[in-house]
Amino acid sequence: MSTDDSGVVFPAGPDGRRSTAAVGRAVVADALRPVDPVGARAAERETNWRAGYLTHFRRLVEAGLASPEAARTIAGAGLDAVHGRLRVAGEEGEQPLDRLLTAPAGRALHTTEVTGQGEPERAFTLPFHGRRLGGEDLSRRLDTWVECGVLEPTAAAAVREVAAHPEWLALPGRTVAVLGAGAEMGPLTALLRWGATVAAVDLPRPDLWRRVLDTARRGAGTLLVPTAGGDLPDGAGADLVREVPAVADWLAGLPGEPVLGNYVYADGATNVRVSAAVDALTLRVQAARPEAALAFLATPTDVFAVPADAVAQSVHAYEGRSRVGKLLGRPLRTLSAGRLLQRGYVPGADPGLHDALVPQQGPNYALAKRLQRWRATVARAAGTTVSLNVAPPTRTRSVLKNRALAAAYAGAHRFGVEVFEPATSNVLMAALLVHDLHTGGGPRHDHPWQDEAHAAVHGGLWRAAYAPRSALGLAAVLGVGAARG
C-alpha cells in the first residue's frame, strides 16, 4: 500500500486505500485482453497477486509471440492501462496521469553547469577484477564471455565496434539526460569520463548531489544540473513523482540532440509511481523534441523470448552436466515435486521462453520494469531511436540488502551464472548505449522480442542448464556463507 498522497499515485478505492495489487492486476489484464482474453480473465481472477503475479507476467510475453502485431498491441494496451489508471494528486484533487502532459510547471528550473577537470579517455577500456581491459585483453574477455554464454554474441560485437571507434565515446552533439543520476547501474560516471554532456536528474538530496558533483569534477565531460536557485548542492535536483512538468520543460529546453535515459529505481510501490511519472515525462519531452532518443536498462530477472542458439547451448549444458549433478538432480526433483533443477527449455524451441522472474522482487518491481519495455516497443515502432539492453545480474546495494537475493547471487556461479561488479556493468552497458546511439538503435528486427534479445548481457541466465527459479533456492543455500562474508 502507498500512503503518500501527492504527485503520481495509485487510485484510491471506495475505502480510501490505494491498492497496488488491484492496479497491477488490472493493468496486466488490460494489456492481455486484445490478444489473449483468456489470459486477461485469469489475471483479473488472481486472488493472491503478491504470489501469483509470476504466471501472468510470463503470459504477457508468451501471448506476444504470436506475431509482431500481438506484441506491440500488448505493449500499447499496457501503457494505456497505466495512464488510464494512475492518478496525479494535488491541490485540485486527483486527476488522470495524462494531465501531466499539459499541466503548467509548478516552478522554473534553471541550469547550473559543472565542467570536469580531467582529460577525456581516448580509448575504451573495461574495468574487470581490479584491472582495465583494452585491446587484446578486452577481446579475449569478450570471447570468454561468449564461449561461456554470459552475454549474447551481438553484445560482444557491439562492444568491439565501440572500442574500434573511440571518437564515439563523447557522444558529440548529444545531451544525455540521466534520470536517476545517483543509480548504481546508470551510465553517468562512464559518460562523464568519456567527455559527454550529461543532464542529471535525481531527488533534491544534498548528500546525493555531493557524490554526483564530485564525479562530474573528476570527469572530463559537462554536467547540467537542474536548480531552483541557491548554491550547489543544496539547490540541486527535483522530485520526478511530483514535478514532471518542471523537469520535462527543463529537459526540452537544453541544447544538443536529446537522449532521455531512464535509470530510476525505488522500493516497492514507489517504483511504479516514479516509472509512470517518467513515462508521462517521456511523452511530454517527445512532444516538444520529437528527435529525442530513449534509453533503458532491462533487468535480467524478467521473462524474455530468447534465440534458438541460446536454447541449444542451454540444452547442451543440461545434457552435459556432471555425473554427480545427474545423480543428485533426480531425487531433488522428486522431493520438490519437480520444482528443483528443471531443464531451462524444451529442446528445439525457437524462440525459447526464458522466465527468470524472482518472487522476492515482487509485482511492483515487475510492473515498473515491464512499463519501460512497453514504452521501448511502442517508441521503436513509431520510428524513435531506442536503446534497450538487458543488463547483467550485478551486486548493487539494492540487491545485496535483500538477504535471499544476496545469497542466491553468491551461489549463482555454481549454476553457470556470472554476477558482475557494478563498475563492470556500468561501463559495459554505457558502451552499448553509445553503440545504439551511433547506429540508430541497432539493427531493425521483425519481432519486438528480437529487439530485446539483441546485445543482451544476461550473465549466463539465458544459456545455463537450468530454469532460473528451479536453481535459485539451491544457489541461495550454497551461497549463504559467502553472502554473510
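# Cis prolines, positive phi and the overall fold

Student: Let's start with Pro-233. Where is the place of Pro-233?

Tutor: Pro-233 sits in the loop between strand 9 (222–227) and helix 9 (244–252). Keep in mind that this is a predicted model.

Student: And the peptide bond from Leu-232 to Pro-233, is that cis or trans?

Tutor: That bond, from Leu-232 to Pro-233, is cis, and its omega is near 5 degrees.

Student: What about the bond from Asp-350 to Pro-351, cis or trans?

Tutor: The Asp-350 to Pro-351 bond is cis, with omega near 0 degrees. Pro-351 belongs to the loop between helix 12 (323–335) and strand 13 (352–355).

Student: OK, on to phi angles. What is phi of His-129 near?

Tutor: His-129 has phi near 50 degrees, which is a positive value in a residue other than glycine. You'll find His-129 in the loop between strand 5 (126–128) and strand 6 (131–133).

Student: Is His-129 buried or exposed?

Tutor: His-129 has a relative accessible area of 66%, so it counts as exposed.

Student: Then there's Leu-171. What phi does Leu-171 have?

Tutor: Leu-171 is not a glycine, yet its phi is positive, at about 50 degrees. Its place is the loop between helix 6 (153–164) and strand 7 (174–179).

Student: Leu-171, buried or exposed?

Tutor: Buried: Leu-171 has 1% relative accessibility, and the cut-off for buried is under 20%.

Student: Let me zoom out. How many helices and strands does the protein have?

Tutor: There are 18 helices and 14 strands in the protein.

Student: And how is the protein divided into domains?

Tutor: Domain 1 covers 7–105, while domain 2 is made of 110–308 + 346–483. The centres of the two domains, taken over C-alpha atoms, are 24 Å apart. In the contact between them, domain 1 supplies 38 residues and domain 2 supplies 44 residues.

Student: How much of the protein counts as buried?

Tutor: Of its 485 residues, 56% do. The accessible surface is about 19,900 Å², and 52% of that belongs to carbon and sulfur atoms.

Key
Residues numbered from 1 in each chain as written. Predicted model: local features only at pLDDT ≥ 70, side-chain atom pairs only at ≥ 80, totals over all residues. Heavy atoms only, no water. Helix = DSSP H or I, 4+ residues; strand = E, 2+ residues; numbered from the N terminus. Buried < 20%, exposed > 50% of the residue type's maximum accessible area, 1.4 Å probe, protein only. Areas by Shrake-Rupley, 256 points an atom, 1.4 Å probe, with all protein chains shown as cover. Domains from an automatic or database assignment. Contact = heavy atoms within 4.5 Å.
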